[in-house]
Amino acid sequence: MLKILSFLFGIIITNIILFSAANSPSISSIYAQDTQYSNNNTNENNNSSLLINELKNIKNILESIASR
């Protein structure tokens, strides 16, 4: 009797997991969205770094011209 109850409990748990998985957003789509967000942040950070470097270069050029 205990084996039958354990078996039925296992089937019920398996059905709950499968039902939950079928009704929730897929993990791969969540990962893809997170990866896209991360890539966008990386691109924005790279663009900011490039802009800062260009501004530093312009500052150095202007300082060298002013010191002549």
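Visitor: Which side chain meets K59 in a salt bridge?

Guide: This is a predicted model. A salt bridge requires a side-chain nitrogen of Lys or Arg within 4 Å of a carboxyl oxygen of Asp or Glu. The N to O distance here is 3.5 Å, and the partner of K59 is E63.

Visitor: Where do K59 and E63 lie?

Guide: The two residues are four residues apart, about one turn of the helix. Both belong to the helix that spans residues 27-66, namely helix 2.

Visitor: Is K59 buried, partly exposed or exposed?

Guide: Buried means under 20% relative accessible area, and exposed means over 50%. K59 has a relative accessibility of 46%, so K59 counts as partly exposed. For E63 the value is 43%, and therefore E63 is also partly exposed. The class of K59 is thus partly exposed.

Visitor: What is the accessible area of the nonpolar patch on the surface?

Guide: The patch is formed by L51, L55, I58, I61, L62 and I65. One of these residues, I58, is found in helix 2 and is partly exposed, with a relative accessible area of 45%. Together, the residues of the patch have an accessible area of about 590 Å².

Visitor: What percentage of the residues in the protein chain is buried?

Guide: The protein chain has two helices and zero strands. Its accessible surface comes to about 6400 Å², with 65% belonging to carbon and sulfur atoms. Of the 68 residues in the protein chain, the buried share is 0%.

Conventions
Residues are numbered from 1 along each chain as its sequence is written. This is a predicted model: local features need pLDDT of at least 70, side-chain atom pairs count only at pLDDT 80 or more; totals for chains, interfaces and linings use all residues. Side-chain values use heavy atoms; hydrogens and water are left out. Buried means under 20% relative accessible area, exposed over 50%, partly exposed in between (1.4 Å probe, protein chains only). Patches are made of residues with over 30% relative accessible area and no salt bridge: like charges are joined within 9 Å, nonpolar side chains (Val, Leu, Ile, Met, Phe, Trp, Tyr) within 5 Å. Accessible areas come from the Shrake-Rupley method with a 1.4 Å probe; for residues, only the protein chains shown count as cover.
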